[in-house]
Amino acid sequence: MSSNNLKVDFSSMRFYCDENRCIHCDGCSVACAEAHELPVEISRRKVITVNEGKQGEEFSMSVACMHCTDAPCEQVCPVDCFYIREDGIVLHDKDKCIGCSYCLYACPFGAPQFPKNGAFGTKGVMDKCTMCAGGPDETNSEHERHLYGQNRISEGKVPVCAAMCSTKALLVGDSESISNIYRERVLSFGHGVQTAPKPYGWDKAYGK
């Protein structure tokens with residue numbers, strides 16, 4: 001399957017960061033914060049470096065909510081504010097959240113964010129990556145935009161972090177499509193692979 005003719009199965013949306021391409025430019029995190037007009041206390045996506053300073057072992061990757069199939073945040077939430085869409089995207093209802101931070105303790109990726117840094121019960125309502133899919137309110141309504149940011153998925157657009165990734169390290173889509181793209185990249189190592197500068201749209205986001 002060619003990545004230039006990517007067909008997305010919306011039944012199981014996932015993120016994957018190709019550490020061979022990530023250059024720790026923070027473009028994804030900056031684009032996310034800018035597009036969703038996030039307060040300075042919130043960072044839905046961050047770039048981390050593993051084995052920093054170790055020659056030949058250092059690599060970077062972009063991390064956010066991984067939209068798990070068996071999301072631990074959903075399992076521990078005492079008010080059931082989390083829900084998983086049919087396409088696999090894990091979202092939450094801010095009107096139900098009580099800011100208990102149980103989800104933060106359960107999440108292995110540190111995805112849940114809180115606007116306040118206080119004692120138990122004073123952290124404020126949780127915020128996290130929505131994969132640019134909004135929330136439970138009316139799609140593209142003012143209230144949805146205010147609470148959850150842009151709803152690019154409803155418009156058939158790639159999440160802004162992946163769209164703005166200069167090296168196409170951040171992939172998003174169904175697991176089969178991502179696997180095919182990564183397999184093509186591995187097989188193409190050393191064969192003059194070029195990154196197409198076309199960041200918008202499912203069929204253009206992941207050029208060779």
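1. Ser-12 touches Asp-87, Gly-173, Asp-174 and Ser-175, leaving out residues up to four places away in sequence. The model is a predicted one, and these contacts should be read as such. Ser-12 belongs to the segment before S1. Between Ser-12 and Gly-173 there are 161 residues in sequence, yet their C-alpha atoms are 7.5 Å apart in space.

2. Gly-173 also figures in the strand pairing, where it is the residue of S6 that stands opposite Arg-14. Strand S1 covers residues 13-17 and strand S6 residues 170-174; the two run antiparallel to each other and are paired over five bridges. A further facing pair is Phe-15 with Val-172 of S6.

3. How far are the two strands enclosed? In S1, four of the five residues are buried, so this strand is largely enclosed by the rest of the structure. In S6, five of the five residues are buried, so S6 too is largely enclosed by the rest of the structure. Buried here means under 20% relative accessible area.

4. Which residues have the most contacts inside the largest nonpolar core? They are Met-13, Phe-15, Ile-89, Met-131, Leu-170 and Val-172, in a core of 24 residues. Two or more residues of this core come from each of S1, helix H5 (160-163) and S6.

5. Setting aside neighbours within four places in sequence, its contacts are Met-13, Arg-14, Phe-15, His-67, Ile-89, Ile-153, Pro-159 and Val-172.

6. The largest pocket holds about 320 Å³ of space. Its lining is made up of 16 residues, and those nearest the centre of the pocket are Pro-39, Lys-94, Asp-127, His-146 and Leu-147. Sorted by class, the lining comprises seven nonpolar, three polar and six charged residues.

How values were computed. Residues are numbered from 1 along each chain as its sequence is written. This is a predicted model: local features need pLDDT of at least 70, side-chain atom pairs count only at pLDDT 80 or more; totals for chains, interfaces and linings use all residues. Side-chain values use heavy atoms; hydrogens and water are left out. Buried means under 20% relative accessible area, exposed over 50%, partly exposed in between (1.4 Å probe, protein chains only). Two strands pair if DSSP finds at least two bridges between them. On a 1 Å grid over the protein atoms alone, a cavity is a set of points where a 1.4 Å probe fits but cannot get out, and a pocket is an open set with protein on both sides within 12 Å along at least five of seven lines; lining residues have an atom within 4 Å of a point. Grid points are joined across faces, edges and corners, and a volume is the space filled by probe spheres set on the points. Ala, Val, Leu, Ile, Met, Phe, Trp, Tyr, Cys and Pro count as nonpolar, Asp, Glu, Lys and Arg as charged, and the others, Gly among them, as polar. A nonpolar core is a set of buried Ala, Val, Leu, Ile, Met, Phe, Trp, Tyr and Cys residues joined through side-chain atoms within 4.5 Å. Contact means heavy atoms within 4.5 Å.
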